[in-house]
Amino acid sequence: MKNIFLVLSVLILLLISVRAGDEDDVPRVERELALCYQNSDAACIEQGVMEDYTLTNSKGKITTRADNLEEARKHDPKYEIFENHDMKVRLHGDSAVVIGITHAKGISGGQLFDAEFRFTDTFVKDHGRWRLWAGQAVKITP
């Protein structure tokens, strides 16, 4: 009986630690992906974003992973800053929703920009790693 209790206790602790790890992993992956965009690293974006990814951007336009990859390869927009902060993560199985704020600064189409956006990103665990599946961004007006 003691052995069964010990085994169950260890399994529960393992499940709790895996769950806690995901709560830390998702914001880490979100920050790493922001660096991919900041550096216009198309290969990094390709790995971190699901093939059927969509974003409803701050202008209400829906963009895809292919759109993001093309922008990265053209370096337009070119980000000086692309950082996420004030992130909160909600987990449900192999899915995670992250809400937070992105500070983006750079140049796009020859125009300087410096803005903050409230975002909601949905991640899925794909072959053991978190990948971005969908997002929405709304510009925060001062």
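1. Arg28 and Asp25 form a salt bridge, with their closest N and O atoms 3.5 Å apart. A salt bridge here is a side-chain nitrogen of Lys or Arg within 4 Å of a carboxyl oxygen of Asp or Glu. Both residues lie in helix α1, three residues apart, about one turn of the helix. Arg28 is partly exposed, at 34% relative accessibility. Asp25 is also partly exposed, at 27%. Buried means under 20% relative accessible area, exposed over 50%, and partly exposed in between (1.4 Å probe, protein chains only). Helices (H or I, at least four residues) and strands (E, at least two) are DSSP runs, numbered from the N terminus.

2. On the basis of the values: this is a predicted model, where local features need pLDDT of at least 70, side-chain atom pairs count only at pLDDT 80 or more, and totals for chains, interfaces and linings use all residues. Residues are numbered from 1 along each chain as its sequence is written, and side-chain values use heavy atoms, with hydrogens and water left out.

3. How many salt bridges does the rule give? The count comes to nine. One of them pairs Arg65 with Glu51 (3.9 Å, N to O). This pair links distant parts of the chain: Arg65 sits in helix α3 and Glu51 in strand β1, 14 residues apart. Arg65 is buried, with a relative accessible area of 13%. Glu51 is exposed, at 53%.

4. Glu80 and Lys105 form another salt bridge, with the closest N and O atoms 3.8 Å apart. This pair also links distant parts of the chain. Glu80 is in strand β3 and Lys105 in strand β4, 25 residues apart. Glu80 counts as exposed, at 52% relative accessibility. Lys105 counts as partly exposed, at 28%.

5. Which residues are linked in a network of salt bridges? They are Glu46, Glu51, Arg65, Asp126 and Arg131.

6. Arg131 is found in strand β6 (residues 129–139). Is Arg131 buried or exposed? Arg131 counts as buried because its relative accessibility is 3%. Its side chain makes a polar contact with the side chain of Asp126 (2.7 Å). The Arg131 side chain also reaches the backbone oxygen of Val49, at 2.8 Å. A polar contact is a pair of N or O atoms within 3.5 Å; within protein, one must be able to donate a hydrogen and the other to accept it, and residues adjacent in sequence count only if both atoms are side-chain atoms.

7. The surroundings of Arg131 can be listed too. Not counting residues up to four places away in sequence, Arg131 touches Glu46, Gln47, Gly48, Val49, Met50, Glu51, Arg65, Thr122, Phe123, Val124 and Asp126. Contact means heavy atoms within 4.5 Å.

8. Strand β6 pairs with two strands named here. Ten bridges join β5 to β6, which run antiparallel. Four bridges join β1 to β6, which run parallel. Two strands pair if DSSP finds at least two bridges between them. In β6, Gly135 is the bridge partner of Asp121, and Leu132 stands opposite Val49. β5 and β6 form a hairpin with two residues between them. In the turn, His127 has a positive phi of about 55°.

9. The largest nonpolar core holds 27 residues. A nonpolar core is a set of buried Ala, Val, Leu, Ile, Met, Phe, Trp, Tyr and Cys residues joined through side-chain atoms within 4.5 Å. Val26, Ile45, Val49, Phe123 and Trp130 touch the most other members. At least two core residues come from each of α1 (2–38), α2 (42–48), β1 (49–56), α3 (65–74), β3 (78–92), β4 (95–108), β5 (111–126) and β6. Helix α1 gives the most, with six residues. Among the contacts of Phe123 are Val26, Val29, Trp130, Arg131 and Leu132.

10. A search of the whole structure finds one disulfide. Cysteine sulfur atoms within 2.5 Å count as such a pair. Which cysteines does the disulfide join? Cys36 is joined to Cys44, S to S 1.7 Å. Cys36 counts as buried, at 5% relative accessibility. Cys44 is partly exposed, at 28%.
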